[in-house]
Amino acid sequence: LLRWMGSQPDIVVVAADPELARKAMEESGLGGGDDLLSSPLKVKGLEWPTCCVVAPSRVVMAVKDAAGPGCPEAEVDDLRRRRLVDGLRVALSRATDRLVLLEIDGRDAARALASRLTKGVEPAAYDAEELQEALETASAVEPDELVRRLVEDAIRFADVDLARARRRAAQAEQRLGQPDVPGAVRDAQIRLRAFEVRALLELRHYVQLPRDAKILAADPLENAARCLRSTGNEEAGDAVWRLMEASAAPHPGRRLKALDDITAALNIAPSAIRAVLRDQAQAYLMELLGDEPSGTTWTPGGEDIKRMTGVAKRLASEACRRRVEDALLRWSEIHLDAARWNDAAAALESHPAPPPLLMARCCAGLRQWRRALEIREQIGDLAGAMRCARELADFAESSRLARAAGDARTATLVEAMQSVAAATNGVHKRLFEMDLTQAEAKVMKEAAEKILSWGRVPSRA
């Protein structure tokens with residue numbers, strides 16, 4: 001590759017520091033190629049359409065090593081570091097059209113350091129074969145046709161070699177350029193297709209990462225979000241970026257909010273991307289529900305419960321639906337035991353078939369005695385229904401329920417209390433003026449004491 005580039009009149013191969021580049025080549029078994037490298041002094045003041053800078057990360061690492069641990073990289077004051085930096089600056093500024101950063105050893109650390117040199121410009125990765133092909137066709141093929149070929153390659157490699165497919169998609173995006181710049185791709189459909197394919201492949205890469213790696217994997221999501229926004233689909237781009245928060249937010253509520261935003265944008269995302277977003281959102285939702293080993297024991301409140309059911313509904317997954325329904329029952333019992341009545345009500349109301357006993361408990365906690373009475377009567381819990389009627393001070397309901405339960409004594413007592421309440425409303429002395437037998441007086445006394453204990457009648461009664 002170096003020999004081929006050296007034979008091209010419009011390409012210059014520069015080593016920011018020839019000694020470091022030669023050492024990198026020897027370590028990689030590429031000795032004898034140092035005669036192909038130009039020094040910064042030789043190319044200073046000149047320009048070429050394409051400039052290839054060899055082993056730039058070696059220079060960056062040498063500057064860091066010379067600075068020593070803890071020293072800011074900006075403090076490049078000694079002669080050795082100053083020479084390295086000046087040589088790198090000269091090498092990077094020789095290209096008029098295309099800059100190639102060629103790493104000899106191909107280590108991830110080296111690529112990461114080299115990518116920092118292109119801050120603000122999204123670089124595309126190539127292997128040696130792809131790079132030579134790209135440089136050969138750069139001037140021989142129209143930009144629209146070149147991008148179309150790269151996109152087709154990316155699609156073809158997607159299922160067999162995702163890394164190569166991602167490189168092709170990145171190369172296609174890089175070749176698009178700005179529509180109003182000469183030499184850029186102007187066909188709107190080609191541009192749209194290139195952006196969507198790049199976004200899809202970056203998402204696929206993110207999905208295949210181990211769970212722990214996803215927390216730190218901002219680059220593929222950032223690339224996918226940028227590409228979708230470039231198509232004018234801002235909401236889909238934002239939804240893709242929220243996957244990072246859905247994965248890594250420290251509080252489950254924030255992760256759920258991110259999932260809510262993601263699923264709300266499903267209908268406007270391109271179909272292939274929609275499927276990936278839905279699958280990933282479902283996986284994160286399962287974690288929040290405790291279905292996965294890394295799931296939490298978080299118990300959401302009312303607002304988060306409503307948001308959770310909305311997310312599950314948009315995902316339209318039977319597995320999610322069942323898991324959410326099971327979780328709603330678990331959360332409702334936790335809230336009931338903790339006397340968090342409103343949160344319990346939100347969980348039960350979100351369930352398609354809430355258990356009547358839990359609903360009755362919740363209504364009683366909210367002091368919705370009438371509804372609690374009706375629920376308990378429907379399930380045959382007459383004793384519980386009578387307790388609700390007592391809280392309502394509803395003598396007619398209490399008497400009816402007592403007779404329905406076959407408790408004549410309680411029914412008679414309730415009717416006596418009703419009579420006392422009616423008879424003593426504002427004229428309490430009449431109770432003592434009545435000509436009652438001892439047994440009748442005893443019944444009335446018990447009834448009056450019961451009425452006062454309920455706290456539903458003024459004390460003078």
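1. In this predicted model, helix H13 meets helix H14 through Ala239, Arg242, Leu243, Glu245, Ala246 and Ser247. On the H14 side, the residues in that contact are Arg254, Arg255, Lys257, Ala258, Leu259, Asp261 and Ile262. By class, the contact holds six nonpolar, one polar and six charged residues.

2. The geometry of this pair comes next. H13 covers residues 234-248 and H14 covers residues 252-264. Their axes lie 8 Å apart. The packing angle is about 160°. Angles over 145 degrees count as roughly antiparallel, so H13 is roughly antiparallel to H14. The crossing of the two helices is left-handed.

3. Now the strands. Strand E2 spans residues 48-54. Six of its seven residues are buried, so E2 is largely enclosed by the rest of the structure.

4. E2 pairs with strand E1, residues 11-15. The two run parallel, and five bridges join them. Within this pairing, Ile11 stands opposite Thr50 of E2.

5. E2 also pairs with strand E3, residues 95-102. Six bridges join E2 to E3, and these strands run parallel. Here Cys51 has Leu99 of E3 as its bridge partner.

6. To sum up the strand part: E2 is bridged to E1 and to E3, and six of its seven residues are buried. For the helix part, H13 and H14 are roughly antiparallel, with a left-handed crossing.

Methods. Residues numbered from 1 in each chain as written. Predicted model: local features only at pLDDT ≥ 70, side-chain atom pairs only at ≥ 80, totals over all residues. Heavy atoms only, no water. Axes fitted to C-alpha atoms, helices over the stretch in contact; angles between N-to-C directions. Helix = DSSP H or I, 4+ residues; strand = E, 2+ residues; numbered from the N terminus. Parallel < 35°, antiparallel > 145°, perpendicular 65-115°, else oblique. Left-handed = near helix turned anticlockwise from the far one by under 90°. Contact = heavy atoms within 4.5 Å. Nonpolar A, V, L, I, M, F, W, Y, C, P; charged D, E, K, R; others polar. Buried < 20%, exposed > 50% of the residue type's maximum accessible area, 1.4 Å probe, protein only. Pairing = 2+ DSSP bridges.
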